[in-house]
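Student: I am new to this structure. Please show me how to read it, one feature at a time.

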Amino acid sequence: MAARGDEEDLLADYAVPPSRASSSYRLEPDNNGPLSGSRSSSSTSLNSRRESTNSLFSRRPSDFGSRYGFGNAYVQLDDAGIYLSSLSVTILLSALATLGIILFTLVITFAVLLGQCQKSQPEVVKSPDSCASFRLNGELNNLQGWIVPPECEHFVTQYVDSGQYLVDFAVGVDAGKQYLKPIVLEGDGLDLIVLDIDDTCLSHIPYYRDHHFGAELFNETSWDTWVYEARAPPLEPMLNFYKELRALNWNFAFITGRSENQRNFTMQNLLAVGYEGWTALILRSAEEETTPAVEYKTKERLKLEEQGYRIWSGFGDQWSDIRGAASGSRTFKLPNPMYYI
């Protein structure tokens, strides 16, 4: 009995499936001809194809058809077995697209309204700066005999340290250069430019930094000590201008309010920073110590003209440097926010 059971199990393992058996070629004893086996095989193949087609279009969620929707009326959302019909998916996607369009429209509308609100708001105007007004009117010579107000020391400090002072200075010097360079010289060495020295050729920013940038009364003793040290740096725009025009055969005369007893220290300082080859260096004599600056400098320019010099232009950080007779066909006022003479 055991042997018979083993034999049945073995036969079951090797049993031919009905679909495969039905497609095999067989000859029945009662067939009418040799083509009957072929007709049976063709009929069996047709039935097999119909079964395959039905399985593809079946609504039963198979592992392949239901997941990718080939001919299936349902779409599997995840492996948990959730299904939606194609119509439901279409409606859901349309709703999401519509919602996105509405949100985008709302964002654009909000941005436009916000921009209009901002434009309608009044512009914020900074409070006027009285120190800026003070400096401007000082430069225009509307204010005379002034010293820097203590509350404006910070303004002058910022004006200098920000670099704006030097930029303004350079613009003034460059304007003078553009005027003078095209002039055709006579070639006789008598075409002359007149320059002030202090805060026109030499910078006293180091000195005034230690003295509140002019927000204190002038101290002649401390000033003379500074002059005797002969270490004032050059104002680079003016030094470059001086060298460039000297190379074009222009001549220069210095007229300064310094005292004659400071001549050697003044020459030392000028030469040390690069000013060379000037025509004249004029300082106040002892008798001129109390002479107003405009009167003193006008008199010295007239003397130069009497010697045959043609004064084309004058440069200075004070109005008293460039006012009066024999000042040239055009003068250039350079900025000085620290003191007035």
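Tutor: Start with burial: buried means under 20% relative accessible area, exposed means over 50%, and partly exposed lies in between, with a 1.4 Å probe and protein chains only. Helices (H or I, at least four residues) and strands (E, at least two) are DSSP runs, numbered from the N terminus. This is a predicted model, where local features need pLDDT of at least 70 and side-chain atom pairs count only at pLDDT 80 or more, while totals for chains, interfaces and linings use all residues. Residues are numbered from 1 along each chain as its sequence is written, and side-chain values use heavy atoms, leaving out hydrogens and water.

Student: Which residues of helix α6 are buried?

Tutor: Helix α6 spans residues 130-139, and its buried residues are C131, F134, G138 and E139. The arc is that of the directions from the helix axis to the C-beta atoms. Here the arc is only 130°, so these residues sit on the same side of α6.

Student: What do the buried residues of α6 pack against?

Tutor: Contact means heavy atoms within 4.5 Å. The partners of α6 are α7 (153-161), α14 (319-322) and β7 (330-333).

Student: What happens at the start of α6, and what just after α6?

Tutor: A polar contact is a pair of N or O atoms within 3.5 Å; within protein, one must be able to donate a hydrogen and the other to accept it, and residues adjacent in sequence count only if both atoms are side-chain atoms. At the start of α6, a side-chain oxygen of D129 comes to within 2.9 Å of the backbone nitrogen of C131. Just after α6, N141 has a positive phi of about 70°.

Student: How many residues does the largest nonpolar core have?

Tutor: A nonpolar core is a set of buried Ala, Val, Leu, Ile, Met, Phe, Trp, Tyr and Cys residues joined through side-chain atoms within 4.5 Å. The largest one here has 48 residues, and those with the most contacts inside it are I193, L195, M238, F241, F254 and Y275. Helix α11 (residues 236-246) gives the most to this core, with five residues. Another core, of 10 residues, lies apart from it; A253, I255, I282 and Y296 are among its members.

Student: Where is L245, and what does L245 touch?

Tutor: L245 lies in helix α11. It counts as buried, at 0% relative accessibility. Beyond its neighbours within four places in sequence, L245 contacts K177, L180, K181, I193, W250 and F252.

Student: Which residues form one aromatic cluster?

Tutor: The cluster consists of Y179, F241, Y242, F252, F254, Y275, W278, F315 and F332.

Notes: Rings of Phe, Tyr and Trp (its six-membered ring) pair if their centres lie within 6.5 Å; planes under 30 degrees apart count as stacked, over 60 as edge-to-face and the rest as tilted.
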